[in-house]
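Here are my notes from a first pass through the model, written as numbered points. Have the viewer open as you read.

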Amino acid sequence: MKILLVRVSSLGDVLHNMPIVDDLRRQFPQARIDWVVEEAYVQLVRLNPGVDQVFPFALRRWRKSLGQATTRQEIRHFFLQLRQENYDLILDTQGLLKTGIIMGLAKTVKDGKKVGLANGTEGSGYEGISRIFHDISIPVDKRTHAVLRGRLVAAAAGGYTVNTPASFGLQAPDLPADQRAWLPATPYAVFFHGTAGAAKKWPRENWQVIASTLQEYDLPILLPWGSPAEKAEAEAMAAIMPNATVLPALSMQAATLLAQKARLAIGVDTGLTHIAAAYETPTIEIYCASPRWKTEGNWSDRIINLGDNGEPATVEEVREAIGVLLGSMDKQ
């Protein structure tokens, strides 16, 4: 059996698609499972040993140079490579025009099925035109969790029921020593403080209080960043946190290792926080300006979700969660 997953972006969405692979592997152990994903997230998908082949999709880059012959050649090569296989199932769990086009151009066997979403969830970027590429469209409740939504589409297509907690199946990144020199040899906490939306941020003074709390556990704090503005914020935080260190620029693989190895991850609603939760690293997810029901880590008791849209988590709630996840035995 050959199955193709189409979920191209963004970081959090690609991550939340991972449990589909584990579901399919349990139902169809011998299946070939391929995945189309934006080139920026190829290495993340390759951390899942259940995926056989990854097709890099580079629309974000191609858009900038569509007039160039080399770009058009690269696009043709992508579709030619994709169409070399005939799939039994093609699943579009994103529901956009671009993912529908990919599904439409991919090939199925004679009785193969192309299956996607019949509707979007509340606040999603779903595009109804994507349904024209489906053989079957699966309806979901308007408030279906981001992980469950894709699992339900795959289950309907594969004829099975979703009845287990989500399992992401991610291996730890294998980085050479020179690319992990920043990684401490002793336990650490990480603050995933950066996010593209200013409203999703948690106040700097709150982070400062939590840094003081972590001194009781003798846990140094690492501060990653992904843009000049986030770097400046990390430096301002480190200036008032004696136990915090600003990290150098990290690759996607290195940032994933950072999340996976942490003794404790605390972060706002952003991709790296969700990566920590996917690895079941002890994680505190802080929601400030996004609905918690959409992405909260609900598959492990090592994840605590706090706050909600318009109701940010309080410092005391986070302090209490630290105590629960680290436990009094960890105190020095």
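**Notes on the model**

1. The backbone oxygen of D141 sits 2.7 Å from a polar atom of the T144 side chain. That falls under the polar contact rule: a pair of N or O atoms within 3.5 Å, where within protein one must be able to donate a hydrogen and the other to accept it, and residues adjacent in sequence count only if both atoms are side-chain atoms. T144 belongs to the loop between β6 (136-138) and α7 (146-158); helices (H or I, at least four residues) and strands (E, at least two) are DSSP runs, numbered from the N terminus. T144 is buried at 6% relative accessibility, where buried means under 20% relative accessible area, exposed over 50% and partly exposed in between (1.4 Å probe, protein chains only). Neighbours within four places aside, T144 is in contact with T121, R149, L152 and W293 (contact: heavy atoms within 4.5 Å).

2. Some housekeeping. This is a predicted model, with local features needing pLDDT of at least 70 and side-chain atom pairs counted only at pLDDT 80 or more, while totals for chains, interfaces and linings use all residues. Residues are numbered from 1 along each chain as its sequence is written, and side-chain values use heavy atoms, with hydrogens and water left out.

3. Now the cores. A nonpolar core here is a set of buried Ala, Val, Leu, Ile, Met, Phe, Trp, Tyr and Cys residues joined through side-chain atoms within 4.5 Å. The largest has 60 residues, and I3, L5, L24, W35 and F168 touch the most other members. Not counting residues up to four places away in sequence, L24 touches I3, L5, I33, L91 and Y160. Apart from this core lies another, of 30 residues, including F191, W207, L214 and Y217.

4. Which residues make up the aromatic cluster? They are F57, W62, F78 and F79. Rings of Phe, Tyr and Trp (its six-membered ring) pair if their centres lie within 6.5 Å, with planes under 30 degrees apart called stacked, over 60 edge-to-face and the rest tilted. The count comes to eight aromatic pairs. One of them, F78 with F79, is edge-to-face, at 4.8 Å centre to centre and 70° between the planes. F78 is buried at 3% relative accessible area, and F79 is buried too, at 18%.

5. Next, the largest pocket, with about 1,200 Å³ of space. Its lining has 48 residues, of which S10, L11, G12, T270 and G271 lie nearest the centre. On a 1 Å grid over the protein atoms alone, a pocket is an open set of points where a 1.4 Å probe fits, with protein on both sides within 12 Å along at least five of seven lines; lining residues have an atom within 4 Å of a point. The volume is the space filled by probe spheres set on the points, which are joined across faces, edges and corners. α1 (11-17) gives the most to the lining, with four residues.

6. The peptide bond from S9 to S10 is cis, with omega near -10°.

7. Two non-glycine residues with positive phi deserve a glance. D218, at about 55°, is in the loop between α8 (204-215) and β8 (221-223) and is exposed, with a relative accessible area of 55%. E280, near 60°, is in the loop between α11 and β11 (283-287) and is partly exposed at 31%.
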